[in-house]
Structure formats: C-alpha cells, structure tokens
Amino acid sequence: GNLEFVRAKLEGDAKLQQRIERAAWAAQRGATLTAQLLAFARKQPLAPAAIDLAATMPDLVPLLRRTLGEHIEVRYVETAGLWPAMADPAQLESAVLNLALNARDAMPGGGRLTIELGNKVLDEEYARHHAEVVPGDYAMVAVSDTGHGMTTDVVARVFEPFFTTKSDRGGTGLGLATVRELVAEQDGRIEIDSTPGEGTE
C-alpha cells in the first residue's frame with residue numbers, strides 16, 4: 001500500500017518508478033511464496049462450500065486476460081447443466097490462477113489458454129485404478145494451453161515439491177505441488193496430459 005502511495009506521488013520520475021515497480025514485485029513475490037508455503041504445510045484452513053462454478057469462474061476470466069497479457073488469448077467454455085462443486089472458492093480461484101501462470105510461462109511467444117467446466121462421473125472401474133478416488137459425480141475444471149508441452153520425464157515430476165524447470169526465472173517448484181494438495185484436500189483429483197510441442201492440459 002505504501003509503495004502504491006509513493007508511486008502516485010512520483011509519477012514524473014521514471015527511474016524511481018522502475019525501482020518502486022521492482023520493490024512492489026518483490027513484496028508480491030514474498031507474499032505469494034509465503035501463501036504457497038503455508039498452503040503446502042496445510043496451515044491455511046480450507047472452507048469448502050457448495051459453489052456454482054458457472055457463476056464464479058467467469059469472473060476470473062477478465063483478471064486472467066489482464067494478468068497473462070495481450071499475447072495470450074483466453075477462452076472460456078462451460079457445459080450446460082453444471083453440477084455444483086464442493087470447494088473452497090478462494091483456493092479454487094488461486095489454483096486456477098496458478099495453472100494459468102504456468103501456462104503463460106509455457107507460451108512466451110503467445111498462444112491460447114482455455115478454461116473448461118464440465119461434469120465428470122468417476123465410476124468403480126476408474127476408482128479401482130486410482131485408490132484415492134471415491135466413485136461418484138464430480139465437477140471438472142480443465143485448464144489447457146498451446147505451449148511447448150512437457151516430456152514424460154518432466155510430467156512424472158511436476159507435482160513434486162520444489163521441482164521446477166524455470167529456476168532461472170524465479171520458479172519455486174511449489175505452485176503445482178500446492179495445487180495438487182488443495183485438490184486432494186477437497187476430495188478431488190488432478191490429472192495432467194502433455195505433449196512436447198502441442199501443449200498441456
């Protein structure tokens with residue numbers, strides 16, 4: 001807040017503006033990292049509630065367009081008759097934003113990000129092959145990109161805490177690990193499908 005106040009007072013000084021921008025970025029990065037560490041260590045209590053994804057998720061799209069930049073097209077697709085989801089709205093939004101930022105990093109030259117909502121039935125057969133899943137009706141949120149994709153070796157490790165392919169660009173390796181923890185804590189399941197040169201979902 002203080003940095004925003006100072007920025008407004010020093011509008012004519014480009015060099016100081018740049019320093020304020022860097023300080024604001026560092027403060028935001030510290031806040032994000034702290035939030036990720038707390039969430040990963042399960043110190044942040046979740047407050048799951050029945051939510052209407054069709055009512056809440058579209059509000060996130062304008063924020064994503066501003067955050068990701070003009071070089072990335074954001075598409076939103078939803079299935080008619082969506083079932084309510086049992087989730088913590090703030091943490092779900094945080095998870096989608098986290099996935100979108102990962103997608104942006106995979107599309108440095110631009111591309112398309114798609115957020116799709118749908119209904120998914122996970123049956124007994126599926127549950128037999130995935131021990132952590134209880135058969136039943138689930139709400140699905142799919143985030144896909146047209147980025148460079150990942151090899152099978154990388155895909156096998158993306159949810160490991162502190163594993164990152166972008167350490168030179170400030171990656172902490174906690175983003176996807178935190179998303180997986182949040183999904184698991186809300187009795188959900190996360191899956192990844194990626195092909196080098198074609199993108200990731």
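Biologist: Is the crossing in which helix 4 passes helix 5 left-handed or right-handed?
Modeller: This is a predicted model, in which local features need pLDDT of at least 70 and side-chain atom pairs count only at pLDDT 80 or more, while totals for chains, interfaces and linings use all residues. Residues are numbered from 1 along each chain as its sequence is written, and side-chain values use heavy atoms, with hydrogens and water left out. Helices (H or I, at least four residues) and strands (E, at least two) are DSSP runs numbered from the N terminus, and a crossing is left-handed if the near helix is turned anticlockwise from the far one by less than a right angle, and right-handed if clockwise. By that convention, the crossing of helix 4 past helix 5 is right-handed.

Biologist: At what angle do helix 4 and helix 5 pack?
Modeller: Axes are lines fitted to C-alpha atoms, for helices over the stretch in contact, and angles run from 0 to 180 degrees between N-to-C directions. The axes of helix 4 and helix 5 lie 11 Å apart, and the packing angle is about 30 degrees.

Biologist: Which residues of helix 5 make this contact with helix 4?
Modeller: Contact is taken as heavy atoms within 4.5 Å. Helix 4 contributes Leu60, Leu64, Thr67 and Leu68, and these meet, on helix 5, Glu93, Val96, Leu97, Ala100, Leu101 and Arg104.

Biologist: Why does Leu60 count as buried?
Modeller: Leu60 belongs to helix 4, which runs over residues 60-68, and, leaving out residues up to four places away in sequence, Leu60 touches Glu93 and Val96. Buried means under 20% relative accessible area, exposed over 50%, and partly exposed in between, with a 1.4 Å probe and protein chains only. Leu60 falls in the buried class because its relative accessibility is 4%.

Biologist: How far apart are the end C-alpha atoms of helix 5?
Modeller: The expected span of a helix is 1.5 Å times one less than its number of residues. Helix 5 holds 17 residues (89-105) and should therefore span 24 Å, which agrees with the modelled separation of its end C-alpha atoms, 25 Å.

Biologist: Which residues of helix 8 are in contact with helix 5?
Modeller: Helix 8 (residues 175-185) packs against helix 5 at about 150 degrees, with the axes 10 Å apart, and this crossing is left-handed. On the helix 5 side the contact involves Gln91, Ala95, Asn98, Leu99 and Asn102, and on the helix 8 side Gly175, Leu176, Val179 and Leu182.

Biologist: What percentage of the residues in the chain is buried?
Modeller: The chain contains eight helices and seven strands, and its C-alpha trace spans about 65 × 35 × 35 Å along the principal axes. Of the 201 residues in the chain, the buried share is 31%.
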